[in-house]
Amino acid sequence: MAITWVEIGDSRLALGDCMDILPTLPAGIIDAVVTDPPYAKEYNYLWRPMTEQCTRLLRCGGHLFTLLGQYQLPLVMAAFDGLLSFRWIGILPNQNQPIMHGWNIKVCQKPFLWFTKGDAINRLICDNLAIAAPRSDWISKSLHEWGQDIRMAWTPIMHCTNKGDTILDPFVGSGTTLVAATMLGRKSIGIEIDEKYFDIAVKRVTAAQMQLRLNL
């Protein structure tokens, strides 16, 4: 598919397939990846090539944070093996607490994995990376079926990067990671394959950039 880039202040958003776009970005330009790839089994093949590209793009000492489905833990840990170093596992409380069909397990939280490239600064972050408490208004679900609370991205960006650093989200969805990055004074790159959500992300990042300028 054709690739479209939109630049909004310090944010760059691409409409297209991240597997086509990531290889075109220069190595070592990213300080942290914060993302939430799709959980459906049909997309599991993306984990290894996505991790390879993110490893190439991250600077030494950079971080990668990712949400994932519970069932994907063995798959994802294997995808990162030999590429990035596992640092910690946190949780994102699940507001819906659904019962997973086929497993008969009531899901009250999602795992949130933290990896680093090489040695990273031993930063203090919130207890066990419990990143979404207390609960907010959850407007994210009105923007994207699988949208997350902004604190999914806010906490790791705030604690593990510095102002002016560059944040990458290869599965940008409605733009939550990029909005958090903008509000915290970071640069960002986001990729989204669905034009509907790409347009929502562009509008959200534009509004965040305008608000940032007003605050300044």
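**Charged pairs, cysteines and nonpolar cores**

In this predicted model, Glu 52 is placed in helix H2, which spans residues 47-57. The residue is partly exposed, with a relative accessible area of 39%. Although Glu 52 and Leu 22 are separated by 30 residues in sequence, their C-alpha atoms are 9.9 Å apart in space.

Salt bridges were considered next. Side chains of opposite charge can pair when their charged atoms come close. A search of the whole structure returned 3 salt bridges, and one of these involves Glu 52, whose side chain meets that of Arg 48 with a distance of 3.4 Å from N to O. Both Arg 48 and Glu 52 belong to helix H2, where they are 4 residues apart, or about one turn of the helix. Arg 48 counts as partly exposed at 32% relative accessibility, and Glu 52 is likewise partly exposed, at 39%.

Another salt bridge joins the side chains of Arg 59 and Asp 31, with an N to O distance of 2.5 Å. Because Arg 59 lies in strand E4 (residues 58-67) and Asp 31 lies in strand E3 (residues 30-35), this pair ties together parts that are 28 residues apart in sequence. Arg 59 is partly exposed, with a relative accessible area of 28%, whereas Asp 31 is buried, with a value of 11%. A further salt bridge is formed where the side chains of Arg 12 and Glu 7 meet, at 3.8 Å from N to O. In that pair, Arg 12 is partly exposed, with a relative accessible area of 30%, while Glu 7 is exposed, with a relative accessible area of 61%.

Attention then turned to the nonpolar residues. In soluble globular proteins, nonpolar side chains tend to be buried together. The largest nonpolar core in the model has 25 residues, and those with the most contacts inside this core are Leu 22, Ile 30, Val 33, Trp 47, Leu 64, Phe 80 and Leu 168. At least two residues of the core are supplied by each of several elements, namely helix H1 (18-21), E3, H2, E4, helix H3 (73-80), strand E8 (109-116) and strand E10 (187-192). Helix H2 provides the largest share of this core, with 4 residues.

When residues up to four places away in sequence are not counted, Val 33 touches Cys 54, Leu 58, His 63, Leu 64, Phe 65, Leu 168 and Pro 170. Phe 65, which is one of the residues touched by Val 33, is included in a second, separate core of 15 residues, together with Leu 67, Trp 114 and Leu 184.

Methods. Residues are numbered from 1 along each chain as its sequence is written. This is a predicted model: local features need pLDDT of at least 70, side-chain atom pairs count only at pLDDT 80 or more; totals for chains, interfaces and linings use all residues. Side-chain values use heavy atoms; hydrogens and water are left out. Buried means under 20% relative accessible area, exposed over 50%, partly exposed in between (1.4 Å probe, protein chains only). A salt bridge is a side-chain nitrogen of Lys or Arg within 4 Å of a carboxyl oxygen of Asp or Glu. A nonpolar core is a set of buried Ala, Val, Leu, Ile, Met, Phe, Trp, Tyr and Cys residues joined through side-chain atoms within 4.5 Å. Contact means heavy atoms within 4.5 Å.
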